[in-house]
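Hi everyone, thanks for making time for this. I'd like to walk you through a few local details of one model, so please have a look at it with me.

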Amino acid sequence: MRFQPSRRIRRTAVGAAVVVVLAGMNGPALWGYAAGQYQHYKINQPEYKAKNGHWDVVDVPREYRINTIHAALLHTGKVLLVAGSGNNAANFKAKSFRTVLWDPRTNAFKNIPTPKDLFCAGHTQLADGKLLVAGGTQRYEKLEGDVTKAGGLMVVHNENPDKPMTFPAGTRFTGKASHKTFESKDAVLVPRARKEGEGDQVKVTASTARVYVEALEKGNEYETGTTDNFRIEGLSGPDAQNSYGIANKLSFDKKDFQGIRDSFEFDPVAERYVTVDPMEEARWYPTLTTLQDGKVLSVSGLDEIGQVVPGKNEIYDPATKKWSYLPKERFFPTYPALFLAGRNKVFYTGSNAGYGPADKGRVPGLWNVESNEFTEVPGISDPDVLETSMSVLLPPAQKQRYMVLGGGGVGEDRKSTARTRIVDLREEKPRFRDGPDLYAKVRYPSSVILPDDTVLTTNGSGDYRGRSDSNVLQAELYDPASGSTRPVADPLVGRNYHSGALLLPDGRVMTFGSDSLFGDAANTKAGTFQQQIDLYTPPYRFREGRPEIKDTGPRTVRLGEQTTYRTSDPKDIVRARLIRPGSFTHVTNIEQRSIALDMTKTADGVTLTVPQDPALVPPGWYMLNVVDGKGTPSEAVWVKVPVAEEPSSS
């Protein structure tokens with residue numbers, strides 16, 4: 001007789017089968033959930049944190065969340081977060097420009113009125129602790145096909161040696177041959193003509209200025225095809241003879257971003273922007289470098305008509321609040337990494353962030369700003385993928401060793417590299433040599449000098465702006481003393497274009513931004529800006545017995561001078577570092593440097609001596625840390641190094 005299962009057995013069997021099927025269907029999700037729970041458990045264990053550090057998310061109230069493009073640590077301990085229009089054309093059109101001030105100690109935020117679109121400006125720390133911000137956005141780019149009005153560059157001439165000419169926005173120019181009319185989008189000042197010689201030998205050379213113009217109406221019939229002379233409406237008599245425009249083809253070609261000349265000093269105490277004299281050139285994507293005398297070098301950028309500034313570099317004098325051209329020209333692509341490397345000497349590592357021809361201005365070298373002499377430094381590997389690479393002056397700064405990390409091809413090229421390259425400028429014939437490879441091939445890595453003399457590098461993407469879901473969620477520490485790297489805790493979110501990182505006075509590192517072009521691996525969905533701010537706590541903050549500087553008040557110490565601080569357990573302290581606060585944008589943070597201080601111990605502290613070289617210690621505010629034998633740094637206290645006094649001529 002054949003066995004017949006009971007109804008109860010049949011129900012049990014069906015139930016078990018359903019469980020098996022459901023488990024098969026949901027197994028991956030259950031496994032993923034369990035793995036995620038275990039990962040969360042693992043990274044929060046004390047042993048893991050002590051070895052790898054830990055990441056946390058900053059709680060930012062909604063009204064203070066912005067597309068952070070620029071970030072700078074101020075000597076008040078607060079961080080200036082600058083978006084401007086935040087790479088958002090709607091914000092630009094609405095003149096919605098944002099800056100937020102964040103206090104990491106209290107997690108307090110404050111909205112700061114922002115006078116212009118400082119999106120893609122340059123910035124640097126001034127000797128008095130203010131932050132100089134110069135340049136920004138005049139117009140957003142328009143891609144070919146999106147340009148609805150013919151337009152382009154108008155060169156305005158003035159042949160009158162007796163007076164300059166000012167033409168407001170909306171000035172109309174009509175072609176003598178084409179009879180087509182265009183109007184200027186911005187005001188333009190044309191200096192007086194240059195007059196040389198006397199009597200019959202007088203020679204007048206017209207002065208020129210450039211302005212972007214557009215047709216009055218939409219349509220292909222308003223395009224011009226050849227060079228034409230343009231009369232300026234509203235002028236009569238001699239002015240109409242002396243002032244005119246010349247333009248080549250005014251067309252529907254792609255129009256790049258355009259820069260502004262405006263400059264501001266952000267006052268960390270008053271917590272506001274203060275207008276200073278504008279630059280000589282409009283600049284979008286410029287680099288600002290503070291020199292040994294406290295003056296500031298401004299280099300490159302896209303000008304008022306969207307072309308790379310053709311080597312016209314300039315100097316800002318904080319005493320007069322004015323800019324002046326350098327007498328000789330030198331061309332660089334936009335956001336070049338230019339480090340102060342000697343008196344009137346700047347080292348260009350080859351790192352840059354975007355615009356400029358592939359075959360011009362991309363070779364690393366030492367530039368004498370005063371004589372304009374440029375000495376190439378050879379040997380860099382993957383020289384065609386230096387765009388969007390990161391550059392760091394390795395600690396301590398006295399060793400003059402620079403590291404270039406990662407990078408990609410020019411423009412939207414898909415190439416990227418994991419290489420690091422190191423050069424020692426103290427060598428008789430400096431030459432780049434390869435260092436250890438990064439954790440992956442990356443553009444846009446962010447590197448931060450830590451007070452224990454290591455360098456944290458984090459994030460980046462393998463392709464242009466994270467294309468094809470290429471963000472890299474890895475981080476590592478590099479030890480310049482041993483030349484070794486090791487992985488640390490993985491970042492929480494991907495960060496590529498428009499991202500960065502800064503060291504905070506308490507030894508943590510903040511990371512910000514990311515502007516992915518697409519939001520999926522298939523590149524079919526538009527990306528969204530990453531507004532999350534994260535904090536990385538390095539392993540040294542999880543050790544017991546952290547040293548302490550007991551004299552916390554800020555003080556001023558001149559080059560070559562000594563200063564004494566009371567500390568905890570002086571016998572355990574082995575070194576001290578001055579670290580210049582960072583100012584980061586577009587893979588560029590040329591501010592950060594860590595300077596070793598000569599140290600002697602006292603009964604209750606240490607006596608420290610600041611180096612005498614102003615090119616090693618450019619004037620400004622610094623974070624002072626002492627470090628114990630385990631490599632654990634103290635929290636920083638603030639020290640001001642004033643501009644060096646010029647030696648007496650007597």
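Let's start with Thr388, which is found in the loop between β29 (374–376) and β30. When I say strand, I mean a DSSP run of E with at least two residues, while a helix is a run of H or I with at least four residues, and both are numbered from the N terminus. Before I go further, this is a predicted model, where local features need pLDDT of at least 70, side-chain atom pairs count only at pLDDT 80 or more, and totals for chains, interfaces and linings use all residues. Residues are numbered from 1 along each chain as its sequence is written, and side-chain values use heavy atoms, with hydrogens and water left out.

Back to Thr388: its phi is near 60 degrees, a positive value in a residue other than glycine. Is Thr388 buried or exposed? Thr388 is buried, with a relative accessible area of 4%. Here buried means under 20% relative accessible area, exposed means over 50%, and partly exposed is in between, using a 1.4 Å probe and protein chains only.

Lys95 also has a positive phi, near 55 degrees, and is not a glycine either. Lys95 sits in the loop between α3 (89–93) and β4 (98–103), and at 66% relative accessibility it counts as exposed.

One more backbone point, if you'll bear with me. Pro395 and Pro396 are joined by a cis peptide bond, with omega about -10 degrees. Pro396 belongs to the loop between β30 (390–393) and β31 (401–405).

Now to a strand residue. Ala215 is in β16 (residues 207–215) and is buried, at 2% relative accessibility. Which residues does Ala215 touch, not counting those up to four places away in sequence? They are Lys149, Ala150, Thr181, Phe182 and Tyr222, where contact means heavy atoms within 4.5 Å.

Finally, a sheet. Four strands form an open sheet in the order β6-β7-β20-β21, with antiparallel pairing; two strands pair if DSSP finds at least two bridges between them. At the edges stand β6 (122–125) and β21 (272–276), each with a single partner strand, so one side of each has no neighbour in the sheet. The twist averages 25 degrees from one strand to the next, with axes being lines fitted to C-alpha atoms, for helices over the stretch in contact, and angles running from 0 to 180 degrees between N-to-C directions. Strand β20 (residues 263–267) and β21 run antiparallel and are joined by 5 bridges. Within that pairing, Phe264 has Thr275 in β21 as its bridge partner.
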